[in-house]
Amino acid sequence: MSKLKMAVIGLGHMGRHMIHRLLPQYADKIELVAICDSDASSLEREVAEAGIRPRLYTDYRQLLDEVSMDLVYIAVPPSLHYDVARIAFDKGIHVFCEKPLANSLTEARSLVELAEKANRLHAVHFSLPLDPAVLKLQGLLEEQAIGPIHRMDLFLEFPQWPRAWQQNPWITSRQQGGYLLEVGIHWIQMIQQLFGPITHVKSDIEFPPDSNQSESRVQAVLRLHDEIEIHLSGTDQREEEERVSLVIHGAEGTLALENWRNLYQGGKDTGLQPVSVDDVVSPLPILKQIVQLLNGESGIIYDFHDGYNAQVVLEALRKPGEGFTDVRPQLMGIKR
């Protein structure tokens with residue numbers, strides 16, 4: 001079986017993770033044929049460190065025009081997602097894109113249409129629903145471990161934004177950055193996969209005086225199709241350590257997914273206790289699933305429809321109306 005030819009566009013945190021950590025695991029299945037980054041020195045440094053010899057570009061348009069490939073991984077800032085994916089689809093290339101899907105709802109919907117027209121694989125790098133702790137959580141919910149769900153609390157709370165390892169020119173910008181866009185989008189998408197569509201959003205959001213800076217505080221309510229509410233608390237001024245967590249309150253107890261991967265369960269009269277996930281087999285990483293699909297095997301991915309539906313809720317949080325906003329007219333079908 002011939003190797004899939006792949007290019008990586010963007011060498012931020014996720015692009016570097018791809019070439020240093022993920023691709024080496026699939027060296028027998030994927031050939032990295034080209035890398036693009038606007039910083040030429042970063043290109044040279046990263047390929048030297050990885051010990052690889054792909055073609056190097058500082059212009060993604062030139063790369064997409066000159067290099068033959070099966071798949072492109074898009075890891076540039078959100079404002080560039082639309083243009084890179086548009087060109088890739090036009091050239092018949094499969095697309096694996098970082099979240100959020102696009103820089104606006106209009107761009108996101110257009111990308112869904114372009115993906116369908118191109119009839120190419122289209123995937124957004126959402127992995128949280130397939131994490132072992134989330135799969136375990138899903139199993140417990142299906143077993144009615146805490147009885148009927150009454151409400152949920154979602155915490156996106158940071159001592160500072162951006163985090164120390166996350167410094168770049170756009171991560172704090174109101175247009176492309178902020179913790180809702182960077183972190184919240186993962187949880188919105190995971191919630192929609194596990195619990196069904198979020199249909200109504202009420203948001204109270206505060207921004208710094210500098211009109212270029214991303215949100216500082218968010219208090220919001222996300223209402224699911226079955227009327228269950230998720231109360232969201234977000235801040236970049238938390239006095240304690242970072243907390244990114246979902247707490248699910250049921251009639252018979254509580255489940256808490258704390259800081260992404262730590263699962264806890266408690267009863268009505270007992271405190272939260274750790275839940276082991278050692279028995280869970282995860283299909284991650286998403287790249288593995290993409291390889292399987294492109295080789296004609298079964299696989300699990302979250303496509304541009306999923307990216308668009310998450311972005312509908314994200315934009316309602318970031319640009320609230322009066323009271324609850326009904327987002328149902330904008331949603332595409334939710335696949336669970």
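1. Is cysteine 36 buried or exposed? In this predicted model, cysteine 36 counts as buried, because its relative accessibility is 4%.

2. Cysteine 97 is likewise a buried residue, with a relative accessible area of 0%.

3. How many disulfides does a search of the whole structure find? The search returns zero. Cysteine 36 takes part in no disulfide, and the nearest cysteine sulfur to it belongs to cysteine 97, 14 Å away.

4. A disulfide would need the two sulfur atoms within 2.5 Å.

5. Turning to the pocket: the largest pocket holds about 1,400 Å³ of space. Its lining is made up of 50 residues. Those that lie nearest the centre of the pocket are Gly12, His13, Met14, Glu98 and Glu182.

6. Which elements give two or more residues to the lining of the largest pocket? They are four helices: H1 (13-22), H2 (40-50), H4 (78-90) and H7 (179-195). Of the elements, H1 gives the most, with six residues.

7. By residue class, the lining of the largest pocket divides into 21 nonpolar, 15 polar and 14 charged residues. Two glutamates, Glu98 and Glu182, are among the residues nearest the pocket centre, and glutamate counts as charged in this division.

Conventions
Residues numbered from 1 in each chain as written. Predicted model: local features only at pLDDT ≥ 70, side-chain atom pairs only at ≥ 80, totals over all residues. Heavy atoms only, no water. 1 Å grid on protein atoms, 1.4 Å probe; cavity = no way out; pocket = protein on both sides within 12 Å on 5 of 7 lines; lining within 4 Å. Points joined across faces, edges and corners; volume = space filled by probe spheres on them. Buried < 20%, exposed > 50% of the residue type's maximum accessible area, 1.4 Å probe, protein only.
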